[in-house]
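Subject: Structure handover

Hello,

Here is the structure for your files. My notes on it follow below.

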Amino acid sequence: MDALAIALFLSIATNRIIEAVTAPVKQKFPALDLWWLIYVAWAVGGGLAYLSGVNLFGAYLPDPLAGRILTAVVTGGGSNLIADVFKTK
């Protein structure tokens, strides 16, 4: 499978994980400010991307570790982009 498709899939999985965890919290505490969730999404998405070994920057960066770290950042941040584009009501 293409690395970009894997990164997109991991971003969607991260988004679903964060939504599943935060939906009950939002329901129980509707006034709670969840500004910090972006960092949780980066950690979860980054961890998934790092553990999967996906490297979107393999053709551009000679150091595979740097490519995997950047891919982790993109994947974790991608879940926030998905949440912004497809807002739940």
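Buried means under 20% relative accessible area, exposed means over 50%, and partly exposed is in between (1.4 Å probe, protein chains only). Helices (H or I, at least four residues) and strands (E, at least two) are DSSP runs, numbered from the N terminus. The model is predicted, so local features need pLDDT of at least 70 and side-chain atom pairs count only at pLDDT 80 or more, while totals for chains, interfaces and linings use all residues. Residues are numbered from 1 along each chain as its sequence is written, and side-chain values use heavy atoms, with hydrogens and water left out.

Overall

The chain has three helices and zero strands, in the order α-α-α from the N terminus. Of its 89 residues, 26% are buried. Contact means heavy atoms within 4.5 Å. Among contacts between residues at least 6 apart in sequence, 62% join residues at least 24 apart.

Helix H2

H2 covers residues 37–52. The expected span of a helix is 1.5 Å times one less than its number of residues. For the 16 residues of H2 this gives 22 Å, which agrees with the 22 Å between its end C-alpha atoms. Which residues of H2 are buried? They are Leu37, Ala41, Gly45, Gly46 and Ala49. These residues cover an arc of only 160° around the axis, which puts them on the same side of H2; the arc is that of the directions from the helix axis to the C-beta atoms. An α-helix has 3.6 residues a turn, so residues three or four places apart point the same way. On the face of H2 turned away from the buried side are the exposed residues Ala43 and Leu51. Glycine 53 follows H2 and has a positive phi, near 80°.

Asparagine 15 lies in H1 and is buried, at 7% relative accessible area. Its C-alpha atom is 7.3 Å from that of alanine 41, 26 residues away along the chain.

Isoleucine 6 is also in H1 (residues 3–28), but is partly exposed at 25%. Beyond four places in sequence, isoleucine 6 touches Met1 and Val54. Isoleucine 6 and threonine 75 are 69 residues apart in sequence, and their C-alpha atoms are 9.5 Å apart.

Threonine 75 is in H3 (residues 64–85) and is buried, with a relative accessible area of 1%. Leaving out residues up to four places away, threonine 75 touches Ala7, Leu10, Ser11, Gly45 and Ala49.

Glycine 67, in H3, is buried at 0% relative accessibility. With neighbours within four places set aside, glycine 67 contacts Asn55, Phe57 and Leu61. The C-alpha atoms of glycine 67 and leucine 56, eleven residues apart along the chain, are separated by 6.6 Å.

Regards
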